[in-house]
Amino acid sequence: MANHRSTIFIQPEAPAKPAWGSACNGCGVCCLAEPCPVGVLLSGRRTGACKALVWADALGVYRCGALTEPRQVLANRTPVWMHWALRPPARLLAWMAPRWISAGTGCDCSLEVWTQSGKIRIDTTELTEPPTDD
Ligand code: SF4
Ligand code: SF4
């Protein structure tokens, strides 16, 4: 994970990032910062926001497209003439993706998110102690 400052663009309605180890709330920070190994394959790059990340407007959260839209995610990476053949690999991706991305194991992202105005943006609902901003 990157250990420098960088700017990421987050949907304003997205939940704030929870503390490391908390349940994943779909804030999207980790995948907007850089792709995971699966995301590198699906994005075709090692840096920047993962191209497989999907904003679920109705839910107000980010979702991993490898889980929720595997066929579309693969279609984004393949020429149109190959799209007819994507059903089997999309099923495989949807089946394997939870294990590959460690879905359901909690937030493993230690990044800190700061707003442009300099305030730390963190979901405190699962914290036992209030965060400090210094
Ligand atoms: S793993 Fe953490 S940073 Fe990534 S989407 Fe879930 S809560 Fe957000
Ligand atoms: S979890 Fe999914 S959306 Fe996030 S970086 Fe990995 S492949 Fe991309």
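Of the 134 residues that make up the protein chain, 22% count as buried. The structure is a predicted model, and the C-alpha atoms of the protein chain fill a box of roughly 55 × 30 × 25 Å when taken along the principal axes.

**Overall fold**

- The protein chain contains five helices and four strands, and these elements follow one another from the N terminus in the order β-α-α-β-β-α-α-α-β.
- When contacts in the protein chain between residues at least 6 apart in sequence are considered, 51% of them join residues at least 24 apart.

**The hairpin**

- Strand 2 and strand 3 run antiparallel and are joined by four bridges, and together they form a hairpin with four residues between them.
- In the turn of this hairpin, Gly 60 has a positive phi of about 70°.
- Leu 53 has Cys 64 as its bridge partner in strand 3, and both Leu 53 and Cys 64 belong to the residues around ligand 2.

**The largest nonpolar core**

- The largest nonpolar core has 17 residues, and those that touch the most other members are Cys 31, Ala 52, Leu 53, Tyr 62, Cys 64, Ala 66 and Val 73.
- At least two residues of this core are supplied by each of helix 1, strand 2 (53-56), strand 3 (61-64), helix 4 (70-75) and helix 5 (87-100), while the largest share, four residues, comes from helix 1.
- Leaving aside residues up to four places away in sequence, Val 73 touches Leu 42, Ala 52, Gly 65 and Ala 66.

**Around ligand 1**

- The residues around ligand 1 include the cysteines Cys 24, Cys 27, Cys 30, Cys 107 and Cys 109, and among the others are Lys 17, Pro 18, Asn 25 and Val 29.
- Strand 1 (17-18) and helix 1 (29-33) each supply at least two residues of this shell, whose members divide into seven nonpolar, three polar and one charged.

**Around ligand 2**

- The residues around ligand 2 include the cysteines Cys 31, Cys 36, Cys 50 and Cys 64, together with others such as Pro 35, Val 38, Gly 39, Leu 42 and Ile 101.
- Helix 2 (residues 37-43) gives the most to this shell, with three residues, and the shell as a whole divides into eleven nonpolar residues, one polar and no charged.
- Cys 31, Ala 52, Leu 53, Cys 64 and Ala 66 are found around ligand 2, and these residues are also among the core members that touch the most others.

Conventions:
Residues numbered from 1 in each chain as written. Chains lettered and ligands numbered in written order. Predicted model: local features only at pLDDT ≥ 70, side-chain atom pairs only at ≥ 80, totals over all residues. Near = placed C-beta within 6 Å. Nonpolar A, V, L, I, M, F, W, Y, C, P; charged D, E, K, R; others polar. Buried ≥ 20, exposed ≤ 12 C-beta atoms within 10 Å, placed from the backbone. Contact = placed C-beta atoms within 7 Å. Core = buried A, V, L, I, M, F, W, Y, C linked by C-beta atoms within 7 Å. Pairing = 2+ DSSP bridges.
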